[in-house]
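Subject: Model for your review

Dear colleague,

Please find below the model we discussed. My notes on what was found in it follow the structure.

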Amino acid sequence: INAEYMGGGASAICSDKTGTLTTNRMTVVQAFIAEDNVVFNGYGVVGGTNSTTLDHDTKTVRLPMTALNADDLCLGLAMNTTASERVVDGEMTWIGGNKTEYGLLGFVNRVGRNYANMRSTVKAGDKRTYPFSSAKKRMTTITRSAGKFLIHVKGASEMVLEDCTHYRKRDGSDAPITPVVRDMLLSTIMQMANQGNRTIAVARAEEPGKEFPPEEPNPPLTLVGIVGLQDPIRPEVPKAIHSCRRAGIKVRMVTGDNMNTAVAIAKKCGLITDDDDISSAAMEGKDFRAMAARDPDRLLETIPKLRVLARSSPTDKLVLVSCLMDKGDIVAVTGDGTNDAPALKLADVGFAMKTGTEVATGASDMVLMDDNFASVVRAIVWGRTVNDNIRKFLQFQLTVNVAGVLLTFVGAALSEHNEEPLKPVQMLWLNLIMDTLAALALATERPTEECLDRLPFFRAAPLLSKRMITFVAIHGVFQLSLILYIMSFGHTMFNVGPCTHHDTGVGEMVDGHCRGGLVHATVVFNVFILLQLVNEFNARKLYGEKNMFSGLTRSPLFFAIFVLCAIFQYTAVQHLGEFMHTTPLNAEQWKYCVLLALLEVPLGLFVNLLPIKQWSPGPNTDNSQGLDGNKRAAIRNAKMAAGMIAPTPTSASSGMGKLFGSAKGRWKTAITTTRMQTKVVRMIEKSALKKRDTAHNIWGRHATETLAFGPPGGTFFK
């Protein structure tokens with residue numbers, strides 16, 4: 001519930017592209033193979049120069065090129081993938097690898113080749129694979145045959161092209177890559193990427209050798225072909241991103257795709273609009289890292305405008321999250337890979353994919369069962385609802401506390417017989433309304449996307465807003481004033497009859513009415529309780545809404561509890577006199593009690609119409625307050641690793657003494673901190689046990705700690 005609560009305040013989301021913004025169903029829709037262009041129809045993709053169009057509905061297609069060129073391309077794809085198909089529950093299912101590999105191997109099968117047969121032509125001892133490197137953005141496999149190595153490379157197209165000195169011609173021969181040819185190849189890559197396709201290049205090289213090198217070799221390569229894969233945008237994503245814009249949440253896409261592909265996808269999603277400046281809205285990982293090391297101040301100025309980080313590494317995501325959190329943003333991060341774990345762990349809310357690795361799942365706060373960005377937005381809606389419901393409960397409870405406590409003291413002081421206005425059993429009924437029933441009524445309202453029409457709350461914002469404090473003050477003073485007036489003049493207003501034997505010692509006759517007697521005391525009790533019941537409707541609104549009754553259909557439990565409390569109050573007054581210290585009231589007296597309680601309705605409208613602005617941080621506000629020591633240390637370490645800040649000076653000690661000395665100091669600090677926090681927790685638990693247990697039944701332990709220990713974004717004791 002802590003993550004859900006913090007998610008409601010998210011002001012920045014760093015999202016992956018594949019599988020989160022897109023469907024993660026990669027399909028080859030375009031290819032450039034040895035000077036020949038092919039494109040599959042039905043995907044809205046325009047082919048390159050003199051391209052051949054193939055039917056996407058045809059199960060097996062024939063490529064319009066020599067068999068040698070097609071075989072070399074398919075062999076490079078087969079050798080540099082790890083996925084395979086197996087029969088699971090009677091259906092062919094992909095096992096291992098990733099969705100990009102599924103699309104590539106599906107293309108191999110579709111053009112009439114068999115990737116499994118291609119792999120089986122090489123013995124296990126004659127093959128060595130160098131896994132995908134996020135630094136080089138490529139994967140390499142070497143096969144050994146007759147004293148020579150055949151090196152297959154598959155990876156990011158423009159990065160593989162940098163290492164290519166030759167390219168495959170249409171007739172199967174290899175030719176040098178001249179500047180003109182290189183421009184043509186780059187233009188082909190851009191033409192694919194601008195349509196939102198992920199571009200993968202396949203290259204090869206032959207070298208003499210017998211023993212596999214320990215490190216991945218980097219020989220001059222020959223480009224065989226480039227394929228473009230399309231991952232369709234999830235249909236609900238553009239609407240979800242529009243909702244984030246409306247809610248003041250900035251969404252940033254962090255992807256390994258090249259700049260053109262990433263920008264094209266961002267435009268389809270709505271992350272980048274026609275009014276945005278691409279030069280500031282999109283950046284490549286290498287430029288991001290260089291700016292972090294050379295000009296960190298400029299990077300911090302650029303990040304607020306950044307929407308797309310292309311060709312990024314997991315470290316880039318970690319640094320981006322660190323900068324946003326240090327600036328005061330409440331950051332949500334999505335990720336599915338092991339390398340995403342540091343960013344998921346650091347973020348205020350980490351969303352792992354159901355299809356992600358166990359490491360990513362373990363480092364996250366929530367798991368998206370459908371791997372869908374729209375689910376992140378739904379989580380934010382729920383988080384905002386949790387935050388609002390907690391504040392509604394606090395707003396109502398504090399009003400009752402202020403009015404009840406002041407009434408007890410002032411009423412007893414003004415009473416000639418030093419009698420409290422409310423008897424102990426009546427106070428117990430008031431506490432039951434204030435704590436348990438009010439919590440159930442106000443803290444169970446269902447979420448609505450209307451909460452996305454306002455800005456997120458700031459990390460440094462106080463738990464009680466100015467409008468909430470105004471609400472408590474005005475309603476509390478009004479209720480106190482009204483009850484004191486009834487205590488003084490209610491015997492006349494309610495036409496209380498003469499004193500009886502029940503009023504001996506407490507009542508006195510004034511102008512023919514029994515003042516301070518049992519009927520008069522019952523009226524005071526009845527009006528005060530009815531004021532609270534009506535004020536519950538006012539407490540449902542936190543942001544100046546004019547209609548206090550709107551949205552009741554989202555909270556059937558609220559209406560049910562209101563009716564239950566009203567019925568019990570009537571029963572307590574009319575039929576439980578001896579137990580509740582009341583006496584039955586007549587219809588006229590009930591009418592005036594209800595009319596006085598309904599004064600809360602126009603008063604609530606008046607309070608909501610007051611021009612009170614939402615809290616916003618000032619120039620000297622520390623927006624990062626509330627971050628615990630571990631997160632602050634992780635942010636500092638990430639910035640130091642990126643070269644944004646200088647390393648923290650260490651003590652003058654050295655060697656083993658330095659090692660053990662620093663370890664001893666850390667242990668002492670940890671023990672002292674733990675002892676201190678334990679003492680504080682025990683002290684607070686003793687004084688707040690009842691409220692903690694009440695909230696625990698509704699929102700869980702973390703919501704209780706929010707109520708008891710501090711403002712949103714504060715450090716929670718665990």
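The protein has 25 helices and 21 strands, where helices (H or I, at least four residues) and strands (E, at least two) are DSSP runs numbered from the N terminus. This is a predicted model, in which local features need pLDDT of at least 70 and side-chain atom pairs count only at pLDDT 80 or more, while totals for chains, interfaces and linings use all residues. Residues are numbered from 1 along each chain as its sequence is written, and side-chain values use heavy atoms, with hydrogens and water left out.

Of the 718 residues in the protein, 51% are buried (under 20% relative accessible area; exposed is over 50% and partly exposed lies in between, with a 1.4 Å probe and protein chains only). Contact means heavy atoms within 4.5 Å. Among contacts between residues at least 6 apart in sequence, 70% join residues at least 24 apart.

Sheet and hairpin

An open sheet is formed by seven strands in the order 15-16-14-1-17-18-19, with parallel pairing; two strands pair if DSSP finds at least two bridges between them. Its edge strands, each pairing on one side only, are strand 15 (282-284) and strand 19 (366-368). On average, neighbouring strands of this sheet are turned by 20° against each other, direction ignored. Axes here are lines fitted to C-alpha atoms, for helices over the stretch in contact, and angles run from 0 to 180 degrees between N-to-C directions.

Within this sheet, strand 1 (residues 12-15) pairs with strand 14 (residues 250-254) in the parallel sense over four bridges. Ser15 has Met253 of strand 14 as its bridge partner.

Two helices lie across strands of the sheet. Helix 10 (residues 285-294) lies across strand 15 and strand 16 (308-310), and runs at about 85° to strand 15. Helix 12 (residues 314-327) lies across strand 1, strand 14, strand 16 and strand 17 (331-335), with an angle of about 165° to strand 17.

An antiparallel pairing is found between strand 7 (residues 127-133) and strand 8 (residues 138-145), over five bridges. Lys127 is opposite Thr143 in strand 8. The hairpin of strand 7 and strand 8 has four residues between the strands, and Lys137 takes a positive phi near 60° in it.

Aromatic pairs and charges over rings

Rings of Phe, Tyr and Trp (its six-membered ring) pair if their centres lie within 6.5 Å; planes under 30 degrees apart count as stacked, over 60 as edge-to-face and the rest as tilted. By this rule there are ten aromatic pairs. One of them is the tilted pair of Trp429 and Phe568, 4.4 Å centre to centre with 50° between the planes. It links distant parts of the chain, with Trp429 in helix 16 (residues 424-442) and Phe568 in helix 19 (residues 556-574), 139 residues apart. Trp429 is buried at a relative accessible area of 7%, whereas Phe568 is partly exposed at 31%.

Phe537 and Phe549 have ring centres 5.4 Å apart and planes at 55°, so this pair is tilted. Phe537 is in helix 18 (residues 518-539) and Phe549 is in the loop between helix 18 and helix 19, twelve residues apart. Phe537 is buried, with a relative accessible area of 7%; Phe549 counts as partly exposed at 42%. Phe537 and Phe549 belong to one aromatic cluster with Phe558 and Phe562.

A charge sits over a ring if NZ of Lys or CZ of Arg is within 6 Å of the ring centre and within 35 degrees of the ring normal. The charged end of Arg540 sits over the ring of Phe558, 5.6 Å from its centre. Lys591 lies over the face of Tyr592, 5.3 Å from the ring centre.

Helix 19

Helix 19 has 19 residues and spans 27 Å from its first C-alpha to its last, close to the 27 Å expected (1.5 Å times one less than the number of residues). Its buried residues are Phe558, Ile561, Cys565, Gln569, Ala572, Val573 and Gln574. They pack against helix 16, helix 18, helix 20 (577-580) and helix 21 (587-597).

Pro64

Pro64 is in the loop between strand 4 (52-54) and helix 2 (67-79) and is partly exposed, with a relative accessible area of 29%. Leaving aside residues up to four places away in sequence, Pro64 touches Asp36, Val38 and Thr52. Pro64 and Val38 are 26 residues apart along the chain, and their C-alpha atoms are separated by 7.9 Å.

Regards
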